Amino acid sequence: MIVKNNEWIRKRLDRILPKVMKPGRYVGGEWNMIRKDWDKTDVRVSFVFPDVYEVGMSNLALRILYGLLNTYPHFLCERAFAPWPDMEEKMKEEGIPLYSLESFRPLKEFDVVAFTLQYELSYTNILNILQLSEIPLRTEERAAKNNWEYPFIMAGGPVSYNAEPLAPFVDFFLLGEGEEQFPAVLEIIREGKKEGLTKAEVLTRAAKIQGIYVPEFYDFEYDQLGLISQVHVNSHAPKVIKKAVVKDFSSAYFPEKVIVPYTEAVHDRVMLEVMRGCTKGCRFCQAGMIYRPLRERSPEILLKQAEKAIQETGYEEISLVSLSTSDYTCVNRVLEDLMSKIQKKGVSISLPSLRLDSFDVKIAEQVQKVRKSGLTFAPEAGTQRLRDVINKGVTETDLLRTMESAFRAGWSNIKLYYMIGLPTETFEDLDGIVGQARKVLEVARKTGRRDARVVVSASSFVPKPHTPFQWEGQDDRVLLKEKQEYLRKRLRDQRIKFLYHDVGTSFIEAIFARGDRRLADLLEWAVRAGCKFDGWSEHFRYDLWQQGIAETGIDPHFYANRRMAHEELLPWDHLSSGVSKEYLIEEHKKALTEALSPDCRGKCGRCGVCPDLAKPVRYKI
Amino acid sequence: MAYTKRKEARYIAHLDLIRVFDRALRRAGIEVVYSEGFNPHPKISFGPPLPVGVEGTEEYVDIELKIQEEIAEQPFLIRIIGDLQKQLPEGIELVDYAIMPPGSKALMAVINLARYRTEVPLLEPLSAEAFQKACDRWLTREEAMSIRLQKGKKTERNIRPLASEIAVIPIENANDNYSLIAHRIKNNENGMVFLCKFDIKTGNDGSVRPVEILESISILENVPIDLPGVLTTREGLYIRKGQDLLKPIEYIRTVQ
């Protein structure tokens, strides 16, 4: 019998790589890749981004945790990604299991397979990756075999805040920031291996760490309406799992020696994380809630990191990233320093997330001296009323004034992001979107930019757990389609391009976003039927999903479209981001009365995060 | 500069190479000339593309460097080559260099011949003579049509005129350089691997991959080749002028 070890895999790959698209995705060997001695480490982690290489390599969490874990002499961390379907097919033909890019070892040989959950639509890829790795899907199937035969299946990242649909497949989740907790849990596994503990014993110990959620320690009971009636918690486990927070974000580990991919990544540049958290409190936004409190990194540290990163990577671009970079207190100073030190080396600077209420055209002009390709803004809603509902503190006057200076500074392509199907939305709000696009063009005409183009992008609202809108239902598919059609007809203009998302995709996303464990059967059915890469329109199979929904007898509307009651026990009530349910209820009520909540830098909204879980950090200008 | 493209580096796509060199040069602190305009790009240009997955032992790149006039050329170059080498990925090794005289033609415009070596596993036993005869028969044809699938589009063309020589080398005649192959033969379930050498026209008018020729031979001359198992190496790129065969760097030196 053939032993499918790393050498065999590497050799076998040469037969198929010349025939697949972008083979550079599958061989590693990139600049700054870390190759450790397998035999000299105690705990080996395969960090898996459940999407294609170019997407995964752009992820900041992967960059940080890969670098961080490998600084520990006892730990080894290697990468794996979802193979594109052409590669998957060839791998199956040749009998090659999924392997890590550093050592070409099958994932099954690792102690931990850690998935990062960035979006619900990658759930199918996670199960598919387990299949390709010849690892049984469910925790109970893995336990039935020899106790340590299979790796621990772990998951973390923003979607862990409600990953209940994945609960039967994952041994443990890490809630919150991984910089301290990930090494801590690996240390427990290391001890467990040494002491000869069973995996169950290791999990019992791990459950004591802040942020570690072991789903098998929790049992749900449902009433006749299908609502959660009771949760039974194992005595070893906490009733509520609180997220992990890094003690000192500013001086926390940051990787300057990041891997430089050969095949172009989506974000192929140095990413400087200037801050974590956001103070705006937009009511639809999960990131704005779960990453609280706002913590900034000191300008001195950022500058050092930037210089070192350019030196180590040779990247030609550096980007200041966060949820809202123009809100970073010292943004001007950091930009000036960076430009004086780095720009002369032929390195350009970019700001990916600009908010239009604090957007300074002068900043943008300085930064994007050469390329005036396009500017992106997110008004999110078309009328002031609806913007008040979602707590997006932006007025149309702000928008138009900013547009005017942008056009005067030479920009001519503007992208406007909106959401449709927001709570309380009417067709009047849609008219507002159309009106806004026209007004932007009118401003362009007045400033002499007759060549201006506007892209209007409308995504469909998906209620997300841990937000004030978590109780709201998603618009019915028929209504969403009608709204898209309504906009499409009214945005017929050569100067306007209208983009919108497939409603089927948003529907599946909404089902899983507010899903519970009972959805695991549907998920497994879908994966076995061949669903994968659901976030990619060319691979999304709504027909299969519909069939799966019918066969597993799941009511999708119960999850996606139902308006939940404030009193209900929710499938994610035992998972805490620190933001209290009372605060979310209050924000929800305020939304329905169109009342604004101020930025919490000005007045604390008492969401529950500060000061117990962490404190906000800002730097002086 | 002449460089190798071996090991995992052979999976770096041709279009990605420019970024690989640009970033290595920046890490090495070597200043490159950039083009003017809205979207400046480094003045780095390559010879004929190497198909992804094919190894190269002498590939070529032209790089326009910024230098101050008072610098002595040779010591500067030696330092630059050393600094750049340290920043290049595993598998890319700088093996030769020369300063191009001003106004030299781009590599793509002058290189017109590529020499390949392939390791060809067969699915059924066959003598070297019989294999060579099959190749010669193929070479006497006037036409050998080959279909290439690119970006979902099928294009058919006659590849026969692009090949001028194919030599099948029995393994016992292979010298020590090919000990790797001996290792492969030992591990090959069917125990039959040949070395084949190809001279193929290349340049701006396009070219053909050895594996496409082997595919054509396997079909037209009925040779049982294990096509996915073929391992290809480009051993050299040349400028052929009549009888003369010059390596690009020799060519630059003769022009000087």
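**Cavity lining and chain interface**

By class, the lining of the largest cavity comprises 10 nonpolar residues, no polar residues and 1 charged residue. The model is predicted. The volume of this largest cavity is about 90 Å³, and the total count is 7 cavities of 30 Å³ or more.

The residues that line the largest cavity are Arg25(A), Tyr26(A), Ala80(A), Phe81(A), Ala82(A), Pro83(A), Met87(A), Met91(A), Leu98(A), Tyr99(A) and Leu101(A). Arg is classed as charged, so Arg25(A) accounts for the 1 charged residue of this lining. Among the secondary-structure elements of chain A, β2 (75–81) and α4 (85–94) each contribute at least two residues to the lining of the largest cavity.

Turning to the interface, 32 residues of chain A are in contact with 25 residues of chain B. About 2300 Å² is buried between chain A and chain B, and carbon and sulfur atoms give 47% of this area.

Between chain A and chain B, 9 salt bridges are counted. One salt bridge joins the side chains of Arg19(B) and Asp268(A), with an N to O distance of 4.0 Å. The count of residue pairs in polar contact between chain A and chain B, with both residues at pLDDT 80 or more, is 11. On the side of chain A that touches chain B, α1 (6–16) and α10 (299–313) of chain A each supply at least two residues. By class, this side of chain A has 13 nonpolar, 7 polar and 12 charged residues.

Note on methods. Residues numbered from 1 in each chain as written. Chains lettered and ligands numbered in written order. Predicted model: local features only at pLDDT ≥ 70, side-chain atom pairs only at ≥ 80, totals over all residues. Heavy atoms only, no water. Contact = heavy atoms within 4.5 Å. Buried area = accessible area lost by both parts, 1.4 Å probe. Polar contact = N/O pair within 3.5 Å; in protein donor to acceptor, adjacent residues only side chain to side chain. Helix = DSSP H or I, 4+ residues; strand = E, 2+ residues; numbered from the N terminus. 1 Å grid on protein atoms, 1.4 Å probe; cavity = no way out; pocket = protein on both sides within 12 Å on 5 of 7 lines; lining within 4 Å. Points joined across faces, edges and corners; volume = space filled by probe spheres on them.
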